[in-house]
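This briefing covers one protein chain.

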Amino acid sequence: MDIQDEIHDQFSRRTFLGQSSAGLGAIALASLLNPTKLFGGSSAPGENPAVGKPHFPPKVKRVIYLFQSGAPSQLELFDYKPKLETMWGQDLPASVRNGQRLTGMSAGQSRFPLAASKYKFAQYGPGQMWLSELLPHTARIAGDLTFVRSLHTEAINHDPAVTFFQTGSQQAGRPSFGSWISYGLGSDNQNLPAFVVLLSKGRDGDQPLYAKLWSNGFLPSVHQGVVFRSGPDPVYYLNNPPGVDKTSRRRMLDYLTKLHQEQYKHVLDPEINNRMAQYEMAYRMQTSVPETLDISKEPDYIFDMYGPDSRKPGTFAANCLLARKLVEKDVKFVQLYHQGWDQHGNLPNDIKTQAKSVDQPSAALIMDLKQRGLLDDTLVIWGGEFGRGAYSQGKLTRDNYGRDHHPRAFSVWMAGAGVKKGMVYGETDDFGYNVVRDPVHVHDFQATILHLLGVDHEKLTFKSQGRRYRLTDVHGQVVKPLLA
């Protein structure tokens with residue numbers, strides 16, 4: 001080959017690669033901005049060929065996760081232990097604790113006096129499950145609930161424990177549960193995010209929540225959770241600034257798309273396309289979000305069902321109502337964080353107030369979904385990051401006591417698609433301190449939720465820094481007895 005042929009060959013190769021990268025960039029961008037029109041195809045509504053599909057037919061299409069941040073005491077709500085009453089004030093037997101780790105808040109106590117719940121329990125539903133008098137509305141839907149009373153985790157403090165539940169790791173930086181689902185399954189509504197976060201506040205002094213809990217981590221940024229807030233601007237910077245109308249915004253985005261395509265041609269950075277997809281989603285959300293979050297047309301009986309707080313933006317009740325509206329619009333994963341459960345002292349009074357704020361709206365959400373036929377393919381999860389210990393933290397009296405963190409045994413409930421109704425799975429000892437039957441680790445729980453969504457947790461992976469990661473890391477087994 002002479003020098004002219006070599007120059008021509010290099011020029012042709014460079015031209016081909018440049019033109020190809022531009023074409024691939026345009027295709028990638030088009031797939032993100034309007035996936036149903038890629039190559040002029042006729043995809044089914046909501047199908048996005050740019051992302052994966054279920055590994056097998058799913059039983060669940062949507063998830064609402066009512067995360068109770070701060071760790072509700074299972075001993076006051078769900079896990080009835082009469083032994084604590086008969087041994088009230090006596091020390092927790094050393095054989096029960098068996099040298100398990102304690103937090104620095106109670107490790108220095110000279111005694112660990114057993115504290116029975118101040119509140120009465122009764123059995124409800126076909127499964128005769130025990131529920132506290134603090135949860136009268138939840139008791140009404142007992143037949144629709146599935147309890148797991150044998151969850152356990154390694155994390156003993158709030159931040160690593162919440163991070164572990166939401167990302168599969170105690171350290172920050174991993175993708176959140178909702179981000180994994182967005183990445184693995186895509187969106188069923190191209191005008192709303194696949195992963196939406198709602199925040200509500202409990203009592204003062206709450207454990208803080210951080211954006212890392214709904215972060216995309218190392219996944220593409222389009223899979224990050226989008227926080228919807230109460231008030232006139234539910235999403236920051238969504239509305240056009242003064243003097244910019246919808247036509248001007250559309251023209252700006254069209255020119256910006258051309259600039260980003262030109263940039264992609266030279267740097268081949270997929271985040272360029274992700275950024276443009278987010279801009280386009282924001283443009284569509286200017287119409288879809290106000291419509292979706294408008295509760296003014298809800299009938300009075302719906303507000304009565306969810307309780308008086310449902311008319312107050314930002315409350316747990318109002319956010320439960322919004323969660324129903326979001327899944328009606330086929331949002332794939334709605335994460336609702338409710339704070340205020342960290343009760344190291346004054347627990348009887350504080351948990352009474354906290355339970356009252358969540359009991360009615362939680363039950364109403366299940367009934368509302370059920371009456372609309374949405375509970376048939378929606379899964380609702382209710383629970384915190386760990387449980388509470390059987391002994392009193394600080395001074396014990398009949399009317400006042402506190403409980404420290406307890407990761408070795410705690411409870412959550414689920415309702416809806418794919419799980420057996422009216423069932424209690426797992427059992428703790430007479431002190432609610434150790435799991436004695438059917439333990440469920442956090443990774444097992446995560447694997448089971450993914451399975452219900454049609455996802456094999458071992459196959460949903462993403463390569464980052466030379467290693468393939470997944471939500472369940474290298475652990476987790478599907479808890480098959482829970483499956484309907």
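**Overview**

Of the 484 residues in the protein chain, 54% are buried, where buried means under 20% relative accessible area, exposed over 50%, and partly exposed in between (1.4 Å probe, protein chains only). This is a predicted model, in which local features need pLDDT of at least 70 and side-chain atom pairs count only at pLDDT 80 or more, while totals for chains, interfaces and linings use all residues. Residues are numbered from 1 along each chain as its sequence is written, and side-chain values use heavy atoms, with hydrogens and water left out.

**Chain totals**

- The protein chain has 13 helices and 17 strands; these are DSSP runs (helices H or I, at least four residues; strands E, at least two), numbered from the N terminus.
- Among contacts in the protein chain with a separation of 6 or more, 77% are between residues 24 or more positions apart; contact means heavy atoms within 4.5 Å.
- The accessible surface of the protein chain is about 21400 Å², and carbon and sulfur atoms hold 52% of that surface (Shrake-Rupley method, 1.4 Å probe; for residues, only the protein chains shown count as cover).

**Nonpolar cores**

- The largest nonpolar core has 53 residues, and the members touching the most other members are Ile64, Leu66, Leu77, Leu198 and Trp413. Such a core is a set of buried Ala, Val, Leu, Ile, Met, Phe, Trp, Tyr and Cys residues joined through side-chain atoms within 4.5 Å.
- Helix H12 (residues 347-371) supplies the largest share of this core, nine residues.
- A second, separate core holds 49 residues, including Val419, Val442, Leu452 and Val455.
- Beyond its neighbours within four places in sequence, leucine 66 has contacts that include Phe316, Cys320, Leu336, Leu365, Val380 and Trp382.

**Salt bridges**

- The count is 23 salt bridges, each defined as a side-chain nitrogen of Lys or Arg within 4 Å of a carboxyl oxygen of Asp or Glu.
- Aspartate 377 and arginine 62 form a salt bridge with the closest N and O atoms 2.3 Å apart. Aspartate 377 lies in the loop between H12 and strand S8 (378-383) and arginine 62 in strand S1 (residues 62-68), 315 residues apart.
- Both partners count as buried: aspartate 377 has 18% relative accessibility, and arginine 62 has 4%.
- Lysine 370 and aspartate 144 meet in a salt bridge at 3.1 Å, N to O. The pair links helix H12, which holds lysine 370, with the loop between helix H5 (136-140) and strand S4 (145-152), which holds aspartate 144, 226 residues apart.
- Lysine 370 is partly exposed at 46% relative accessible area, whereas aspartate 144 is buried at 10%.
- In the salt bridge between aspartate 342 and arginine 388, the closest N and O atoms are 2.7 Å apart. Aspartate 342 is in the loop between strand S7 (333-338) and H12, and arginine 388 is in strand S9 (residues 387-388), so the bridge ties together parts 46 residues apart in sequence.
- Aspartate 342 is buried at 13% relative accessibility, and arginine 388 is buried at 0%.
- A network of salt bridges links Glu298, Arg324, Lys325, Glu328, Asp368 and Arg372.

**Tryptophan 214**

- Tryptophan 214 sits in the loop between strand S5 (195-200) and strand S6 (226-228) and is buried, with a relative accessible area of 8%.
- Its C-alpha atom is separated by 7.5 Å from that of valine 197, 17 residues apart along the chain.
- Leaving aside neighbours within four places in sequence, tryptophan 214 contacts Ser176, Ser179, Phe195, Val197, Leu199, Gln224, Gly225, Val227 and Tyr337.
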